[in-house]
Amino acid sequence: MAAAQDTGGEAAAGKFYAAAKATYATLIDTQHLVSSLYGMVNVPTGVWIDEQGRMVRPLETAYTMNRTMSLGGKTTTIQGEPYVAGLRDWVAKGAASSFAMKPDELTAALKPRTPQEMEADASFRLAVWLHNEGENEQAGQFFQRAQKLNPDSWNYHRQEWSFTPKEAGAKWLKKYQASDKPYYDWMKPTAKQP
């Protein structure tokens, strides 16, 4: 299942599902509920949930192929093929897959959100609501607050930047170049990395 996080709804996200010719369930979450519930801060993010509704792997980068991205003198390398191989192993073997974490392993791998991150999430959700109500000046203040409280959330920045698409790419590149952290720093290696 895929869940696009975009206040622009079908007009903003639907074209990507159409281009991908998705054959699986696709959702468009205009309220960013999925990101809030799981603490997602970047895309693409994967979380494995079994048929009983239990998480068996925490958040991690979910590319489908290996990719190296070089922009403005910085390089980011993503290992998507091992992720897909691990996912396929889990689909074939279920709980017997070496990539499916036991409850104690999962608990150890999960990072609780700090009070500051929770306040950032509340500020972001309020910003989205205000934006949808046409209160763009107030929304901007809460987008800024969310970004200040949790500067590592690329999702907070991306959503605000989507309202000024002509400037979005330049804003993304500026933040990317200024960051001293890897682009996917939020993905912490686990004991069983696909």
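**Entry 1**

I started in the loop between α1 (9–20) and β2 (26–29), where Lys-21 sits. I am working from a predicted model here, so every value below is computed from it. Lys-21 is not a glycine, yet I read a positive phi of about 55° for it. Is Lys-21 buried or exposed? I found it exposed, because its relative accessible area is 68% and the cut-off for exposed is over 50%.

Next I followed the chain to the loop between β2 and α2, which holds His-32. His-32 also has a positive phi, about 60°, and is not a glycine either. Its surroundings needed a separate look. His-32 has a relative accessibility of 3%, so I noted it as buried, the limit being under 20%.

The peptide bond that joins Val-43 to Pro-44 is cis, with omega at about -5°.

**Entry 2: aromatic pairs**

How many aromatic pairs does a search of the whole structure find? I got 8. I looked up Phe-124 and Phe-143 from that search: their ring centres are 5.7 Å apart and their planes stand at 65°, so I wrote the pair down as edge-to-face. This pair links distant parts of the chain, with Phe-124 in helix α5 (residues 115–132) and Phe-143 in helix α6 (residues 136–149), 19 residues apart. Phe-124 is buried at 3% relative accessible area, and Phe-143 counts as buried too, at 2%.

I then turned to Trp-154 and Trp-161, which form an edge-to-face pair with 6.4 Å from centre to centre and 75° between the planes.

Which residues form one aromatic cluster with Phe-124? I listed Phe-143, Tyr-156 and Phe-163 alongside it.

**Entry 3: charges over rings**

I finished with charged side chains and aromatic faces. Which ring does the charged end of Arg-57 sit over? I found it over the ring of Trp-48, 5.2 Å from the ring centre. I also noted a lysine: Lys-74 lies over the face of Tyr-176, and I read 4.8 Å from the ring centre.

Conventions: Residues are numbered from 1 along each chain as its sequence is written. This is a predicted model: local features need pLDDT of at least 70, side-chain atom pairs count only at pLDDT 80 or more; totals for chains, interfaces and linings use all residues. Side-chain values use heavy atoms; hydrogens and water are left out. Helices (H or I, at least four residues) and strands (E, at least two) are DSSP runs, numbered from the N terminus. Buried means under 20% relative accessible area, exposed over 50%, partly exposed in between (1.4 Å probe, protein chains only). Rings of Phe, Tyr and Trp (its six-membered ring) pair if their centres lie within 6.5 Å; planes under 30 degrees apart count as stacked, over 60 as edge-to-face and the rest as tilted. A charge sits over a ring if NZ of Lys or CZ of Arg is within 6 Å of the ring centre and within 35 degrees of the ring normal.
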